[in-house]
Amino acid sequence: MTAESFDRHNVEKILLKIEEKVKGKLPFGERVEEETRDPFLVLISVILSARTKDETTEVVCNKLFKKVKNPHDLLKIPKSKLEAILKPIGFYKQKAKYLKETAKKIIKEYNCKVPDSFEELTKLPGVGRKTANLVLSLSFGKNTICVDTHVHRISNRLGFVKTKTPFETEMELKKVLPEKWWSKINTILVLYGKSICTPIRPKCDECPVKKFCKYFKENK
Ligand code: SF4
């Protein structure tokens, strides 16, 4: 349900202030896109980044991308070697399995190209709604909203939405966010969620939007 007291006219004002605060930084997936313009490498980095810190994902991907440039390269790496490379990452055995299966499927069913639709992307092993929306936005320029834990938490704290799950948040954000913010909101709120509006003890004193924030008003 959309938060009743929320003034929609403030959405852009709030997002502009947060965007200014995180200016100059990029989450890892965005950097991979900027540096490679390669949907396959972006897909791998997004799958690996789930429940893992960007710093760890970056170290692992730098090592992996020296050996892997395309799905065929990934299939050639022995399972044990791939697991050894991915070991610093959370759920590395499961993710190694996902990467191999995803590479196989992309070769067999998509002519070696990452598909550019939500329906097809979510058929790939290890690719859920969040990963699909982020890859569509980063690599294919589609106007999607990727709701991860930061977007879900901060949207609720600010009062943009009043929801229990990331899926509900995605649906409600589509109603309150002007479309030009759909793709950008993930980048901005991920950076903000890691630096200021952290899951535990958010740094509200440093926050330029506290006067608009429902959580701040309720907890100050
Ligand atoms: S005031 Fe606090 S809770 Fe609200 S958005 Fe800012 S940091 Fe997050």
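Start with the lining of the largest pocket: select helix H2 (28-36), helix H3 (39-49), H9, H10 and H12, each of which supplies at least two of its residues. Helices here are DSSP runs (H or I, at least four residues), numbered from the N terminus. This is a predicted model, where local features need pLDDT of at least 70 and side-chain atom pairs count only at pLDDT 80 or more, while totals for chains, interfaces and linings use all residues. Residues are numbered from 1 along each chain as its sequence is written, and side-chain values use heavy atoms, with hydrogens and water left out.

Stay at that pocket and show the side chains. There are 22 lining residues, and Ser49, Ala50, Lys130, Asp148 and Lys194 lie nearest the centre. A pocket is an open set of points on a 1 Å grid over the protein atoms alone, with protein on both sides within 12 Å along at least five of seven lines; a cavity is a set where a 1.4 Å probe fits but cannot get out, and lining residues have an atom within 4 Å of a point. Colour the pocket lining by class and you get seven nonpolar, eight polar and seven charged residues. For the classes, Ala, Val, Leu, Ile, Met, Phe, Trp, Tyr, Cys and Pro count as nonpolar, Asp, Glu, Lys and Arg as charged, and the others, Gly among them, as polar. The space inside comes to about 460 Å³, a volume being the space filled by probe spheres set on the grid points, which are joined across faces, edges and corners.

Next, select the ligand. Where does the ligand sit? In the largest cavity, meaning that more than half of its atoms lie within 2 Å of the cavity's grid points. Around the ligand you'll find Arg157, Leu158, Cys197, Cys204, Cys207, Lys210, Cys213, Tyr215 and Phe216, each with a heavy atom within 4 Å of it. H10 and helix H13 (214-219) are the elements that give two or more residues to this shell. By class, the shell has seven nonpolar, no polar and two charged residues.

Move on to helix H11 (residues 166-176) and pick out Thr169, Glu170, Glu172, Leu173 and Val176, which are buried. Buried means under 20% relative accessible area, exposed over 50%, and partly exposed in between (1.4 Å probe, protein chains only). Their cover includes helix H1 (10-21), helix H9 (129-140), helix H10 (149-158) and helix H12 (184-195). Zoom in on Glu170: it counts as buried because its relative accessibility is 3%. Beyond its neighbours within four places in sequence, Glu170 is in contact (heavy atoms within 4.5 Å) with Arg129, Asn133, Ile145 and Val147.

Then go to Asp54, in helix H4 (residues 54-67). Asp54 is buried too, at 15% relative accessible area. Leaving out residues up to four places away in sequence, Asp54 touches Pro27, Phe28 and Lys194.

Finish with two loops. Arg37, between H2 and H3, has a positive phi of about 50 degrees although it is not a glycine. Arg37 is exposed, with a relative accessible area of 56%. Cys112, in the loop between helix H7 (92-109) and helix H8 (118-121), also isn't a glycine, yet has a positive phi of about 70 degrees. Cys112 counts as partly exposed, at 30% relative accessibility.
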